Amino acid sequence: MSLMVLGSEGQVGSALRWRALDRGVSVIGFSRRELDITDGPKLFDAVASIRPDTVINCAAWTDVDGAEKEPAAAHAINAEGAGNAARVCSRTGAALIHLSTDYVFDGRKQTAWREDDPVAPASAYGRTKEAGERAVRDAWAKHIILRTAWVFGAVGGNFVKTMLRLADQDMEWLNVVDDQRGGPTPADAIADACLDMAERIGASDIVPWGTYHFCGRPSVTWYEFASAILKERDIEVRPCTSAEFPRPAQRPANSVLDCSRIQRAFGIEQPDWRDHLPPLLESFARSIEESAS
């Protein structure tokens, strides 16, 4: 099995390279600087030259608020770039695993979102990602769209790092929204899920192509997640409402994803984010100690 990872320096892309190495899987990764997915001809040349069994597209515009200011730039990567990846795969025969997001939903449903629930993105970022999903479906049948949410890991910007940075500023207390709920998802677990699906693609002629959900459990609010992150820190975490913390882009109130379909089709279980958080916090602490020494 050979893999090609687009967006290999991001949270999930980096995790994919590391986890693939642990499994002894051949993987070639390209950062956006090395291979821009908005450049269709260059993308085709790269895929046609390498001939991977599966392409995993982690490349994305992930600045949610920034997409409100620059929707065309976000659309170029999240929608047009995703379409380019799917069309290139259709020409070379490679399977495509494309990462998407809970933001394709408006967040108003009271229960966990299923794959067949109607999409209704409430932000520019969500609209570009939903357009990317449509572009993938229209271009190539052999695809898996993996929607995930609240990603955190060792690389890139994420909520865990933001909370730790704020806690390091000697603040006595910190307000965190308590009316948005989701499932924090370790980047390593997303990488493992992608690798499991890629192995299934390479080993079987019968693959359940389509759209799947994958996020961590149990579901929590941002306030509850922040409280777990800062449990050992000398700072008070206070709940607040979204109205008290306005942002340019509307966030879904409910980002919880129903992950039963991926379990039935691939045997992939939801990760417990509480098992992944302590080792990550320990690795950050070691990095700080090593930098100071």
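Predicted model: local features only at pLDDT ≥ 70, side-chain atom pairs only at ≥ 80, totals over all residues.
Local features are taken at pLDDT of at least 70 and side-chain atom pairs only at pLDDT 80 or more, while totals for chains, interfaces and linings use all residues. Residues are numbered from 1 along each chain as its sequence is written, and side-chain values use heavy atoms, with hydrogens and water left out.

To start with the cysteines, a search of the whole structure turns up zero disulfides (a disulfide being a pair of cysteine sulfur atoms within 2.5 Å). Cys58 is in no disulfide, and the nearest cysteine sulfur, that of Cys194, sits 6.1 Å away. Seen from Cys194, the sulfur of Cys58 is the closest one, but at 6.1 Å it is too far for a bond. Cys58 counts as buried, at 15% relative accessibility, and Cys194 is buried too, at 0%. Here buried means under 20% relative accessible area, exposed means over 50%, and partly exposed is in between, using a 1.4 Å probe and protein chains only.

Next comes Asn158, found in the loop between strand S6 (151-152) and helix H6 (159-167). Helices (H or I, at least four residues) and strands (E, at least two) are DSSP runs, numbered from the N terminus. Asn158 is buried, with 8% relative accessibility. A polar atom of its side chain lies 2.9 Å from the backbone oxygen of Gly153, and the backbone nitrogen of Lys161 lies 3.0 Å from a polar atom of the Asn158 side chain. Leaving aside residues up to four places away in sequence, Asn158 touches Gln11, Val151, Phe152 and Gly153, where contact means heavy atoms within 4.5 Å.

As for charged pairs, the whole structure holds 17 salt bridges (a side-chain nitrogen of Lys or Arg within 4 Å of a carboxyl oxygen of Asp or Glu). One of them pairs Glu224 with Arg181, with the closest N and O atoms 3.5 Å apart. This pair links distant parts of the chain, 43 residues apart: Glu224 is in helix H8 (residues 222-229) and Arg181 in strand S8 (residues 181-182). Glu224 is partly exposed at 33%, and Arg181 is partly exposed at 30%.

Asp272 and Arg217 also meet in a salt bridge, at 3.8 Å from N to O. They too link distant parts of the chain, being 55 residues apart. Asp272 is buried at 11%, whereas Arg217 is partly exposed at 40%.

Arg238 and Glu236 form another salt bridge, at 3.4 Å from N to O. Elsewhere, salt bridges that share partners join Arg19, Arg23, Asp192, Asp196 and Glu199 into one network.

Terms used:
Polar contact = N/O pair within 3.5 Å; in protein donor to acceptor, adjacent residues only side chain to side chain.
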